[in-house]
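Dear colleague,

Please find below the structure that I am handing over to you. My notes on what was found in it follow.

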Amino acid sequence: MTFKHFIFLFLSWASFAQSTEFPSTKVDSIVNRIQLPVFPSYQINMVKLGAKGDSITNNKLFFDKAMALCKKNKGGTIIVPKGIYKINGPIHFVSNVNLKLEKGAKIKFSDTPTDYLPMVLTSWEGTMLYNYSPLIYANECSNIAITGEGTIDGNGGKIWKSFKAKEGAGKNRSRDMNHNSTPFEDRKFGEGYFLRPQMIQFLNCKNILVENIHIENSPFWCLHLLKSQSITVRGVHYKSLNHNNDGIDPEYAKDVLIENVTFDNGDDNVAIKAGRDHEGRANSATPSENIVIRNCKFKGLHGVVIGSEMSAGVQNVFVENCETAGYLKRGIYLKTNADRGGFIRNVFVRNVKLDEVEDCLYITANYHGEGSGFQSEISNISFSNITCNKATASGIVIQGFPDKKVRNISFNAINIKWAKNAISSENAKDVLLNEVVIGEKATVPTAAK
């Protein structure tokens, strides 16, 4: 090896080692530029407007009227007092509105699918299409919020739940349209296709706040942040255990703060996405990026997931100071396959406490063993100060491809007290382990007798 080659290798290693430090300055810059929404002084009390929190009356027209009055007055706050407000159909936001649910207030949506027609432009598992309206929906809005200590109940455990077994044909049709670049206006679903709507979806929105509310019983994903930016989600509580009840799904999202959230979900707690396959790769200029997740309590299927729909790319994700409040299948899970393309890079995770999991830290470029032709880049991933009591399957898993290895992965101060399998690493390079203990910590070697 020449001196020149040695210097190059040394500088490459130094750069990789330096990149493993948690970039607090970068986190601060993201948080500081996120703008909280600001609202005019105009207020509407739903009871004074005529709504009844008796759990029987259909209040759909009153909520529509409240939004229309806010639009006329260039925004305001809609106050929902204590009571159970049945709504047969969606709430569609306008800009500059705070939907404030006071303590003891509950919005309970109907579960009659035709209430959520006509269809709106939305997305389903990474493919844009027209489908049932999300229960709360905003498109091209700015300065919007859902706040207060009340509850949103998606009523997803009966009729919507039954859609899961019937969705196959609709799901496959949506993916064919994705791969064939079918124009959006021809992607009509709704009745007969059984694709469940999201509970809350913000599409093409900015300056969003979701704070302190309780979310339960969603038909599908709970909070979908789609093609939106400058978002704060904090103090939210979940109890939503139906099929595919992800807690928060940022997708093609930018500048997102998720903090002090208590999860209890039937699926992923946070699932960061960026479009699926051909459609996602065509939107490579809009990756999901600059996402901060901190001081959260995880409970559900997985804690923080990136993928598998991430074809436009995911970068600059920062997770810190989180812990579990119960069982997780996987703690931190990065997943893609050879159908996706795109990239996952610059992910930093520190100060995470896990109890019992199936797998603690899992990185795979071969999710479900599917796909060909579009392998993803996974690089620059750092884990530090992670503890886990028990991993019933594996402590650490890395899975790349022979011709596209997972690279630049660091593990520092990792303590997994028990694992059936400590480490499984395939097709990875530049993997750094420092202060990693899986199982019982070794002591000084014993002397020969």
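What is the accessible surface of the protein, and what share of it belongs to carbon and sulfur atoms? In this predicted model, the accessible surface comes to about 18,600 Å², and carbon and sulfur atoms account for 49% of that area.

As to the overall fold, the protein contains seven helices and 31 strands. Its radius of gyration is 23 Å, close to the 22 Å given by the globule rule for 449 residues, so the protein is as compact as a globular protein of that length. Along the principal axes, the C-alpha trace spans about 85 × 45 × 40 Å. Of the 449 residues, 54% count as buried. Among contacts between residues at least 6 apart in sequence, 76% join residues at least 24 apart. Regarding charge, the protein has 53 positive and 44 negative charges, and their mean positions are 3 Å apart.

One residue was examined individually. R340 lies in the loop between β26 (328-335) and β27 (343-364). With a relative accessible area of 2%, R340 is under the 20% cut-off and therefore counts as buried. The side chain of R340 makes a polar contact of 2.7 Å with the side chain of D277, and it also reaches the backbone oxygen of S308 at 2.7 Å. Leaving aside residues up to four places away in sequence, the residues that R340 touches include R276, R281, E309, M310, S311, F374 and S376, as well as D277 and S308.

With kind regards

Key
Residues are numbered from 1 along each chain as its sequence is written. This is a predicted model: local features need pLDDT of at least 70, side-chain atom pairs count only at pLDDT 80 or more; totals for chains, interfaces and linings use all residues. Side-chain values use heavy atoms; hydrogens and water are left out. Helices (H or I, at least four residues) and strands (E, at least two) are DSSP runs, numbered from the N terminus. The radius of gyration is taken over C-alpha atoms; the globule rule is 2.2 Å times the number of residues to the power 0.38. Buried means under 20% relative accessible area, exposed over 50%, partly exposed in between (1.4 Å probe, protein chains only). Contact means heavy atoms within 4.5 Å. Accessible areas come from the Shrake-Rupley method with a 1.4 Å probe; for residues, only the protein chains shown count as cover. Lys and Arg count as positive and Asp and Glu as negative; His and the chain ends are not counted. The place of a charge is taken as NZ of Lys, CZ of Arg, CG of Asp or CD of Glu. A polar contact is a pair of N or O atoms within 3.5 Å; within protein, one must be able to donate a hydrogen and the other to accept it, and residues adjacent in sequence count only if both atoms are side-chain atoms.
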